[in-house]
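Let's take a friendly look at a protein together. Have the sequence and the 3D view ready as you read.

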Amino acid sequence: MEILKAEHLVKTYTTGGEPFNAVDDVSFTVEQGEFVAIIGASGSGKSTLMHLLGGVDRPTSGKVLINGTNICSMNNDKLAIFRRRQIGIVYQFYNLIPILTAEENITLPADLDGRKPEPEKLEDIMQTLGIADKRRNLPNELSGGQQQRISIARAIINDPAILLADEPTGNLDSKSTEDIVSLFKMTNQKYKQTIIMITHNLEIAKEADRVLHLQDGKLIEEV
C-alpha cells in the first residue's frame, strides 16, 4: 500500500538575485513498510527534500501526500498536529531537550499531544533500542550513539506513518554508525516502520530496500 507520494516537488530559492531550484521536479512513491535511502553529495538538495516530505518546509510547487492526505494544503496549526502524530524525524544532531531525562525526551511527542504512551510499549521500545537502563539520565550524561537511540525512540513512540532520518549517522563514529543502521533495519522489520533515510554514504544506503539518487535537486536514478 502506498503511504507517501511526492508529486513534482519544487523548492526555489533566490541567491544574488537569481532563482535556483534546490529541489527540482521530484516525484516518487514509498510503500508501507519500505526502507528507502536517498543519497547525494553535499548541496544536492537532500535535506531540503526531507524538510518538504516532513512538512517542516513548504514547496514552491508540487504536493506531498501521506496516507492520501496532501500536507501542503494544510494550515500551520493542522500541519503541526499532523506532523506530531504521523511523521517521526531523526536528525544528525539528536535535538534532545537538555533538561529532560531520556524517558521524558522519548515521551515528549505524546505528552505534547495530550496522551500517555502505553507503559508496555515504552518499555518494549527502550529495551529494543538498548536504552532501558538510561531512562533517568540527562542527554549530557550519554554518548552520541545513546542520544541517537533516544532520538529514534522519540520518533517512533507515536506510531508515525513514516520515519524520516536526516544524516542520522553523520555525527557518530564507525561503531555507533553500524549500530544505528542496524537499529533502523530492526525497527523497520519489528515495528513495520516505513523509513526514509537521507545520507551521503552509499555503503550505509545499501542497507535499505531501495536507494534513490539525488543530484542538483533532481532525482536521477535508482541505485
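Here is a short tour of pockets and aromatic rings.

This is a predicted model, where local features need pLDDT of at least 70, side-chain atom pairs count only at pLDDT 80 or more, and totals for chains, interfaces and linings use all residues. Residues are numbered from 1 along each chain as its sequence is written, and side-chain values use heavy atoms, leaving out hydrogens and water.

A pocket is an open set of points on a 1 Å grid where a 1.4 Å probe fits, with protein on both sides within 12 Å along at least five of seven lines; lining residues have an atom within 4 Å of a point.

| Pocket | Volume | Lining |
|---|---|---|
| Largest pocket | about 420 Å³ | 15 residues |
| Second largest pocket | about 220 Å³ | 15 residues |

Nearest the centre of the largest pocket lie Arg84, Ile87, Ile89, Pro109 and Arg154. Its lining takes at least two residues from each of α2 (76-86), β6 (87-90), α3 (102-112) and α5 (144-156). In the second largest pocket, Asp159, Pro160, Tyr191, Lys192 and Gln193 lie nearest the centre.

Now for the rings: Tyr13 and Phe20 form an aromatic pair (centres within 6.5 Å). Their centres are 6.1 Å apart, and the 40° between the planes makes the pair tilted, a class between stacked (under 30 degrees) and edge-to-face (over 60).

Definitions and conventions
Phe/Tyr/Trp six-rings, centres within 6.5 Å; stacked < 30°, edge-to-face > 60°. Points joined across faces, edges and corners; volume = space filled by probe spheres on them. Helix = DSSP H or I, 4+ residues; strand = E, 2+ residues; numbered from the N terminus.
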